Amino acid sequence: MREIHTDTITDAVEQMCIKVCHELSDDMSACLFDAYDNESSETGRKILGQLKENLDIARSEMIPICQDTGMVVVFLKVGQDVHITGSDITDAVNEGVRRGYAKGYLRKSVVSDPIERINTNDNTPAVIHYDIVPGDKVSITIAPKGFGSENMSRLFMLKPADGIEGVKNAIITAVKDAGPNACPPMVVGVGIGGTFEKCAIMAKEALTRPAGEHSAIGYVKDLEEEMLDRINELNIGPAGLGGRTTAFAVNINTYPTHIAGLPVAVNICCHVNRHITREI
Amino acid sequence: MDKHITVPFDRSVSEGLSAGDYVYLTGTVYVARDAAHKRMIEALDRGEDLPFDIKDQTIYYMGPSPARPGSIIGSAGPTTASRMDKYAPRLMDLGMTGMIGKGKRTQEVRDAMIRSGAVYFAAVGGAGALLSKCITGSKVIAYDDLGTEAVRKLEINDFPVIVVMDCRGGCLYN
C-alpha cells in the first residue's frame, strides 16, 4: 500500500492556494480573451479590457486577481490503496490553507460562526469534500469561492413533471436574478438529480470542470450549449452593464434521483472562477 | 462621457452626474463593508458619533487583501452593495453623497439617493489588482479588530467608476 505523508498534502495545498488566487487557469483566460475579441457592446468591451489588464497585473505583481480570495473549497479524491501517514488529514488541509493565505497575502474572509461572526484570521476552515476512489493516488482540487456570486446561487426542488423545461427555467431564473451582483461574465455550475445535498455539491464541482469541456452525455452537452446561448442573449453583459458576454460556460453534472424528485442546483461563479488540481 | 471629479463632493456635484457617465475620482474616500456598517449604525443608535464626519463623503464598499511589504494595499475591488442597503439610507440622510460598489440596490436606497442628492458608482468587480494601482494611500481609522472589514481612509487617484444610479432615479442596470 502506498504511503503519503500529510506534510505532502499541506505543502501542496499551500502552494495551490497562492497560485490559484494570482493566476487564472488557461481555460478561463482563453474565455476572457475570446470574449474581448467578440464583444460588440462598447462598455462591455471596455470592461473586458480592464479585466484582461487586471489579470496581467495580478500575475506579474503578485496581487490577487480579486480581493475576495474566497472560502476554500477542496475536492479530495483519495485512492483506496493509499495509506495517509502523519497527522489528521483534515488538519493537514487546513494547515495548508492557513500557510497559503498568510504567505500569499490573501484575504482572510472566514468567520467562525454564522451568527456571532468573529473572523478566524487565517481563512480556515476550508470546506472539504472527500471521495474514496480506486487507485493509489490522491487528487486535490482547490477552488476558493468568492461570495458575491455564491450569494446569488439557487437550489430548486422541481417536480418530475417539470422536466427539462423546468430545469431550463431554473437556470435562466437564477442567472437573471444574479445579474450584476455576481460579477458577470459568469460561469454557471449546475447539478441535476441526486438528493438535496448531492445536487448542490455536483453544481459546485461542475465549476471546476474546464470551460469548453462538455458533459459526455449527449442531451446534457446539448443543454449546456443551449443554456450558454440563451444566457448570452439576456444582455446582462460584463459587469451587468449590457452586452453579449454574460457567461463563459454552463457546466452541468447529473446523477440518478428519486421517483418523486427533480432537484436542480445552480451555483454561480464570477469570471474569477479559480480551480486548480494536483495529483500526488 | 468621461468626467474627472474630486472627492469629497457636495450635492451640487452629484446633481451634475447621470447614469452612464464614466467618472475618474481623485481625492479621499472611506472604506466600509458589512461588519463596519453594522457597528456604525449601532453607534448612531447609542447616540454616538461615526468614526468620521460623513457629510459630503463617499463610502467605498470594499474589503482589501493584505498589502505586501512595500505596497500601499492589496487587491481592492468593490463588493456587492446590496448588503449595505439596510444601512445606506440613514447614512445618506446624514449627508453621505457617494457610494462605490457593484450590483443592484433596493428602492429604499434609490429613494434616499433622490432625497439626499447622492450618487451610486460601480467599479468593475473582480478587477481588484487593477483598481489597487489607483490607490495612493490607505489607513485604518476605526474598528481595527475587524481585519479586512475595518474602516479605512483611502487616497485615490483617477479611480475609474461608472455612474449606475444617479440622484434623479436614473439607472443603468436593465
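Predicted model: local features only at pLDDT ≥ 70, side-chain atom pairs only at ≥ 80, totals over all residues.
Residues are numbered from 1 along each chain as its sequence is written, while chains are lettered from A and ligands numbered from 1 in the order in which they are written.

**Exercise 1.** Describe how helix α2 and helix α3 of chain A pack.

Step 1. Two packed helices are described by the angle between their axes and the distance between the axes. Axes are lines fitted to C-alpha atoms, for helices over the stretch in contact; angles run from 0 to 180 degrees between N-to-C directions.

Step 2. Find the helices: α2 covers residues 26-38 of chain A, and α3 covers residues 42-61 of chain A. Helices (H or I, at least four residues) and strands (E, at least two) are DSSP runs, numbered from the N terminus.

Step 3. The angle is about 145°, and the axes are 9 Å apart.

Step 4. The crossing of α2(A) and α3(A) is left-handed (the near helix is turned anticlockwise from the far one by less than a right angle; clockwise would be right-handed).

Step 5. Among the contact residues are Leu32(A) and Phe33(A) of α2(A), and Leu48(A) and Leu55(A) of α3(A). Contact is defined by C-beta atoms, placed from the backbone, that lie within 7 Å.

Step 6. By class, this contact of α2(A) with α3(A) has 7 nonpolar, 2 polar and 2 charged residues. Ala, Val, Leu, Ile, Met, Phe, Trp, Tyr, Cys and Pro count as nonpolar; Asp, Glu, Lys and Arg as charged; the others, Gly among them, as polar.

**Exercise 2.** Find how many residues of chain B touch chain A, and classify them.

Step 1. Chain B brings 33 residues, which are in contact with 36 residues of chain A.

Step 2. Helix α5 (residues 128-132) of chain B gives the most to this side, with 4 residues.

Step 3. The side of chain B has 13 nonpolar, 16 polar and 4 charged residues.

**Exercise 3.** Describe the contact between the two domains of chain A.

Step 1. Domain 1 is 2-20 + 65-145, and domain 2 is 148-273. The bounds come from an automatic or database domain assignment.

Step 2. Their C-alpha centres lie 26 Å apart.

Step 3. Domain 1 gives 9 residues to the contact and domain 2 gives 8.

Step 4. On the side of domain 1, β5(A) gives the most, with 3 residues.

**Exercise 4.** Decide whether Leu223(A) is buried or exposed.

Step 1. Locate Leu223(A): helix α8 (residues 218-231) of chain A.

Step 2. Leu223(A) has 22 C-beta neighbours inside 10 Å, so Leu223(A) counts as buried (20 or more other C-beta atoms within 10 Å; 12 or fewer is exposed, in between is partly exposed).
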